[in-house]
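Biologist: I have a structure to go through before class. Can we talk it over?
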Amino acid sequence: MEWKNNLTSMLGISYPIVQAPMLGITTPEMVAAVSNAGGLGSLPIGNIDPSTARTQIQKVRELTTKPFAVNVFAYDIPIAPDQSAFDAMQTLLQGVYTRNGLGIAPVDLKTLTFFSYKDLFPVLIEEKVDIVSFTFGIPDSEGISLLKQSNAKLIGTATSLEEAVLLEQRGMDAIVAQGIEAGGHRGTFIAGSLPQIGVMALVPQLADRIKVPVIAAGGIMDGRGVAAGLMLGAAGVQPGSAFLLCNESLATDAHKAAIAAATDTTTRLTRAFSGRWARGLTNTLIAAVEDSNTTILPYPYQDALTQPARKASREQDNPSFVAMWAGQAAGLAKEKTGAADIIQQMIAQAEQLLPSLKGTANTVVAGSQDSHS
Ligand SMILES: Cc1cc2nc3c(=O)[nH]c(=O)nc-3n(C[C@H](O)[C@H](O)[C@H](O)COP(=O)(O)O)c2cc1C
C-alpha cells in the first residue's frame, strides 16, 4: 500500500515521510533503512569535506536502490571575528574545560579552514544525487542551475512565510516548513530575524500561499504528528527527533539517556555551541556560555571553537559538552527500535487516524496543494 500525492510522485517514494537530516546523528544505515521502508532518508553533509561526503553518499547507495536526499548547509562563510573576541570566548571555554577536568588544546583562529557548500556541488553532480535539501539559506543561482541541469529535485527550508516565498521564487521544488518546536539548528536565513512560529500556525499559512509541496517539520514523533501535518495542509512531514534513539543513530549511550529523560520543557534555543540558533537539551557548555557576558562568535566560528570539546566529550560518553540537539517533543522518541520500524509505526498509526490515506493512488491526501489557487 502506498499514499500517493504530488510530493510522493515528484520524489518517487511511497510515503511522504522524510527522515530529517541530522548531522552527527544520521548514518548511511539510517538513511537507507528509511528509504527501503518507503519514506525518504536524508543524508546530512553540511560542513563535511567533499571526499567524506562522496564516501557517505556511496555508502547509502550500497544499502538502498531507493531515492534518498542529501542535505547541504547553504550559507556564505562570514569574515572572521576579531582576534580579541575569539580570545575572550576561548578563555571562557578553557576555564570551563579545566574546571570540569577536560584537557582541550586551544584552537588557533588563523589555522581554521572551512569548506564552502559550493565545494559540494561537483560531488552532488558526479554522484548523480536525485534530491538535494538545503537549510540555512538559498544556494546561489549557479548552483541551482547546475543541480537542475542534472535533474535533481531541490528542497529548501523556511521558518517563515517570507522565507518560503523567497525559496519558491528561486526554484525550490518543495519547501520544509520548520516550526519553532523543531530540534537542531533553525533554518532561518533572513538576517537579524528569528521567527518563532510553531508548526500548527506555519504550515497552513505556507500551504495557502506556496504552490510547491510543503513539508511540515517540528514535533512530529509518531502517526499522530504525521496525520496532523497532512491535515494542516502539508504534503509531507519531516520528523527528526523521532529517530534520535533508534538503532542506527550515532548518539552515544549517555546522550541517548539524556534524550530519553527529556520532558516537554527541557529543550531550549541557544547559540552557545555554534553561533546559530539551535534547539537542544541544556548542559554544562550551554550554561557556562549563556551565564557569561562573553560575546558568542558568529557561525561557523563558534562552532569550530567548541568542536574539540564536543569530540572529546563524545569519546568519553560524557554529554556535558556534546551538542544534544532535540525538539520539544523529543521525550516521545522510541528506544531500541530500527528506523524502518519507526516509519512503519508512523504509517500504521496515521492510517488508523486517517483511513482515507490507505490506497490513495492518484488521489490527493488531505490538504495537499492541488486544492489551492
Ligand atoms: C540532532 C539534530 C540534528 C539536525 N541536523 C540537521 C541538519 O544537518 N540539516 C538540516 O536541514 N536539519 C537538521 N536538523 C533539523 C531537522 O531537519 C528538522 O527540522 C527537525 O528535526 C524537526 O523537528 P523535530 O526534531 O521536532 O522532529 C537537525 C535536527 C536534530 C534534532
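Biologist: By class, which residues are in the shell around the ligand?
Modeller: The shell has 12 nonpolar, 11 polar and 1 charged residues. Bear in mind that this is a predicted model.

Biologist: And which residues come nearest to the ligand?
Modeller: Of the 24 residues around the ligand, the nearest are Pro21, Asn71, Gly219, Gly240 and Ser241.

Biologist: What does the backbone of Gly240 lie 2.9 Å from?
Modeller: An oxygen atom of the ligand; the Gly240 atom is a backbone N or O. Gly183 also has a backbone N or O atom by a ligand oxygen atom, at 3.2 Å. For Pro21, a backbone N or O atom lies 3.3 Å from a nitrogen atom of the ligand.

Biologist: How much of the ligand's accessible area does the protein cover?
Modeller: The ligand has 590 Å² of accessible area on its own, and the protein covers 96% of that.

Biologist: New topic, helices. At what angle do H9 and H13 cross?
Modeller: Roughly 55°. H9 is residues 223–231, H13 is residues 339–353, and their axes come within 7 Å.

Biologist: So what do we call that pair, oblique or parallel?
Modeller: Angles under 35 degrees count as roughly parallel, and at roughly 55° H9 and H13 are therefore oblique to each other. Their crossing is right-handed.

Biologist: What about H4 and H12, how do their axes cross?
Modeller: At roughly 20°, with the axes coming within 11 Å. H4 covers residues 83–99 and H12 covers residues 301–315. These two helices are therefore roughly parallel to each other.

Biologist: Is that crossing left-handed or right-handed?
Modeller: H4 passes H12 in a right-handed crossing.

Methods
Residues numbered from 1 in each chain as written. Predicted model: local features only at pLDDT ≥ 70, side-chain atom pairs only at ≥ 80, totals over all residues. Heavy atoms only, no water. Near = heavy atom within 4 Å. Polar contact = N/O pair within 3.5 Å; in protein donor to acceptor, adjacent residues only side chain to side chain. Areas by Shrake-Rupley, 256 points an atom, 1.4 Å probe, with all protein chains shown as cover. Nonpolar A, V, L, I, M, F, W, Y, C, P; charged D, E, K, R; others polar. Axes fitted to C-alpha atoms, helices over the stretch in contact; angles between N-to-C directions. Helix = DSSP H or I, 4+ residues; strand = E, 2+ residues; numbered from the N terminus. Parallel < 35°, antiparallel > 145°, perpendicular 65-115°, else oblique. Left-handed = near helix turned anticlockwise from the far one by under 90°.
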